[in-house]
Amino acid sequence: MLNLFFARLTFITLLLGSGLTISCKPGQSLNNTKDPKKSEGDKTQDANEEKVDIPANIAGSYLTCALRKEAKADDLDAQYGCQLTDQLTKKKLDLAASGQRLVWSSNITEGVKVIDQAASSIYHVLYNVSAANLEALQAKVKNLDVIASWRLDSGETVAVKQDKVINVLKPAVELEDFEAPIVREQTIQTDRPGSL
């Protein structure tokens with residue numbers, strides 16, 4: 001009789017043990033209980049941390065650049081002006097409200113200098129590109145990404161706009177940059193007879 005009792009007890013123990021083992025996920029402890037309130041709070045906290053409040057006008061804008069100064073064999077410096085352009089007006093976006101949250105950079109750091117511009121400038125940023133020779137400079141420009149990132153409260157940045165400068169080029173005059181060196185080289189100069 002005692003043997004039958006222990007046999008049944010062993011059977012029930014094995015049955016319960018296998019049921020617990022089947023319901024556990026790999027790597028999960030049997031005594032790992034979850035507090036539903038805590039996991040909901042963690043999800044909300046994670047969502048708040050991941051939330052990026054990029055203004056709609058910036059998120060909906062597009063990137064536009066213009067060649068301001070072309071590199072030559074005797075002058076191995078090129079300059080590109082870039083701006084975020086409003087989709088509706090096709091004009092430079094007013095970033096005064098964004099403060100220091102919009103950060104400009106590029107994927108190439110060697111030989112590329114990024115210069116933020118004043119609000120009154122035609123461009124938001126200038127990219128000065130230089131190299132040891134004309135071929136190296138052309139290769140650098142071909143691979144140069146213009147990156148506009150939004151700085152979060154945590155200090156991290158999230159790319160808002162990114163494109164190769166050669167993909168978003170427009171003539172400088174189309175961006176109303178009549179003072180660009182490349183534009184001045186192509187216009188009639190009254191002090192230089194015979195110039196175009």
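Reply: Happy to! The largest pocket holds about 370 Å³ of space (the volume filled by 1.4 Å probe spheres set on points of a 1 Å grid, joined across faces, edges and corners). A pocket here is an open set of points with protein on both sides within 12 Å along at least five of seven lines, and lining residues have an atom within 4 Å of a point. This is a predicted model, where local features need pLDDT of at least 70, side-chain pairs need 80 or more, and totals for chains, interfaces and linings use all residues. Numbering starts at 1 along each chain, and side-chain values use heavy atoms, without hydrogens or water.

Of the 17 residues lining the largest pocket, Leu95, Ser98, Gly99, Gln117 and His124 lie nearest its centre. By class, its lining has eight nonpolar, five polar and four charged residues (Asp, Glu, Lys and Arg are charged; Ala, Val, Leu, Ile, Met, Phe, Trp, Tyr, Cys and Pro nonpolar; the others polar). Strand E3 (a DSSP run of at least two E residues) gives the most to this lining, with three residues.

E3 also belongs to an open antiparallel sheet, ordered E3-E6-E7. E3 (102-106) and E7 (157-164) are its edge strands. Five bridges pair E3 with E6, residues 145-151 (at least two make a pair), with Val103 partnering Ser149. E6 and E7 are joined by seven bridges, and Trp150 has Val158 as its partner in E7.

The second largest pocket holds about 250 Å³. Tyr62, Thr85, Lys91 and Glu174 are among its lining residues. Strands E1 (62-69) and E2 (77-85) each give two or more residues to that lining, which has three nonpolar, three polar and six charged residues.

Notes. Helices (H or I, at least four residues) and strands (E, at least two) are DSSP runs, numbered from the N terminus.
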